[in-house]
Every structure is written in structure tokens, then in C-alpha cells.
Amino acid sequence: MTKSKFSNALWVLPFFLVASCSASQLDKAEIIFKCHADQPKSIDVVISKMDNSFKLAQFNIENSKFTNAALISDMSKSSYHRSLVTEHSMTFTHGDSEVIVSDYYSEELNMITKETSVTIQKNGKKEYWLCDESGFSQLGSIEDF
């Protein structure tokens, strides 16, 4: 009986090691963009950075998860700056679809405006979400690539 319990413990041990290694890899991922919005429909987007690569880690629209993030074929980042205005954006492309995440900061007209947003372009149609106050962005800290 003791031998059986010991062999079962040895059998389960590798699964715990794999799980702990996977968890430690997730801990190394840095979230650089996060957005939640309820209008025009519910959306949740998370972009993470791991080992100098960027991943669309979470992409849910109306509780439907986009699970084929590996199919994204291209990614680009752009920055725009003029006096009192700065905007950073990152675009993920898959076929004729684009997911654009951006942050916008303005001090024009003596008003401070700080916004994070998500835009989806597909088949010539655009959908736009302005993230709620839980959204944040570190896109400005990324060197252009």
C-alpha cells in the first residue's frame, strides 16, 4: 500500500512541476495595455510583453473569446507627437482585419484629456471603443520597432 501511494506521488509530481513552470512564465509577462468597455458592446483587451515580443493576450467581445491570437500575422507600433498632444498605438493584423489599441494624451485648450481606446477594422467597417477608467497603457514606454 505504501509503495502504491509513493508511486502515485511520483506520477503526479511532474504535473505540478510543469504547472509551476507555466505559472512562473506567466509572471514574467508584463501587461502593457488593458481595456474594458461596455459600449457599443462589451469588450476586454489585454496586450502583454514577454521577452521583447508582444501578444494579444486577451481579446473578448461580448463574452466571445478570440482564441487564435497565434494567427495574427503582423504587428506594428506608431507614435505621434505635436505640441501638447501625444498618441501611441499598436496594430495587430490578421488577414483583412486590424485591432488597433491606442492611448491619447492632450493638454490643448487648457484641458487635460487622457484616453485609451480600441478600434477594430474589418472589411472596410470600423468599430471604436473608449476604455473605461480601469484601462491603462504603457505603449509610450515601448521603443519603436
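Modeller: One term first: two strands pair if DSSP finds at least two bridges between them. Keep in mind that this is a predicted model.

Biologist: What pattern of helices and strands does the chain follow along the sequence?

Modeller: Start with the count. There are 1 helix and 10 strands in the chain. Read along the sequence, the pattern is α-β-β-β-β-β-β-β-β-β-β.

Biologist: In what order do the 5 strands of the open sheet lie?

Modeller: The edge strands are β5 and β9, and each pairs on one side only. The twist averages 15° from one strand to the next. The pairing is antiparallel, and the order is β5-β6-β7-β8-β9.

Biologist: Within that sheet, which residue in β8 is the bridge partner of Ile100?

Modeller: β7 and β8 run antiparallel. They are joined by 10 bridges. In β8, the partner of Ile100 is Thr119.

Biologist: Which residue in the hairpin of β2 and β3 takes a positive phi?

Modeller: Look between the strands of the hairpin. There are 2 residues there. The phi in question is near 55°, and the residue is Asp51.

Biologist: Which residues touch the most other members of the largest nonpolar core?

Modeller: In soluble globular proteins, nonpolar side chains tend to be buried together. Here the largest nonpolar core has 21 residues. The elements giving two or more residues to this core are β1, β2, β3, β6, β7 and β8. The members with the most contacts to other members are Ile43, Val45, Ile47, Met90 and Val118.

Biologist: Take Val45. Leaving out residues up to four places away in sequence, which residues does Val45 touch?

Modeller: Contact here means heavy atoms within 4.5 Å. With those sequence neighbours not counted, Val45 touches Phe33, Lys34, Cys35, Leu56, Gln58, Phe59, Val101 and Val118.

Biologist: Cys35 is on that list. Which residue does a disulfide join to Cys35?

Modeller: The count comes to 1 disulfide. The S to S distance is 2.0 Å. Both cysteines of the pair are buried. The partner of Cys35 is Cys131.

Biologist: How many residues apart are Cys35 and Cys131?

Modeller: Place each one. Cys35 is in strand β1, while Cys131 is in the loop between β9 and β10. The pair links distant parts of the chain, 96 residues apart.

Biologist: Is Thr91 buried or exposed?

Modeller: Thr91 is in strand β6. Its contacts, leaving aside neighbours within four places in sequence, are Asp74, Met75, Ser76, Glu98, Val99 and Ile100. The cut-off for buried is under 20% relative accessible area. Thr91 has 14%, so Thr91 counts as buried.

Biologist: Which residue does a cis peptide bond join to Gln39?

Modeller: Look in the loop between β1 and β2, where Pro40 is found. The omega of the cis bond is about 5°. The residue joined to Gln39 is Pro40.

Biologist: Is Leu84 buried, partly exposed or exposed?

Modeller: Leu84 is found in the loop between β5 and β6. Leu84 is not a glycine, yet its phi is positive, about 75°. The relative accessible area of Leu84 is 44%, so Leu84 is partly exposed.

Biologist: And Asn110: buried or exposed?

Modeller: Asn110 lies in the loop between β7 and β8. Its phi is also positive, near 55°, in a residue other than glycine. Exposed means over 50%. Asn110 has 81% relative accessibility, so Asn110 counts as exposed.

Key: Residues numbered from 1 in each chain as written. Predicted model: local features only at pLDDT ≥ 70, side-chain atom pairs only at ≥ 80, totals over all residues. Heavy atoms only, no water. Core = buried A, V, L, I, M, F, W, Y, C linked by side-chain atoms within 4.5 Å. Buried < 20%, exposed > 50% of the residue type's maximum accessible area, 1.4 Å probe, protein only. Helix = DSSP H or I, 4+ residues; strand = E, 2+ residues; numbered from the N terminus. Disulfide = S-S within 2.5 Å. Axes fitted to C-alpha atoms, helices over the stretch in contact; angles between N-to-C directions.
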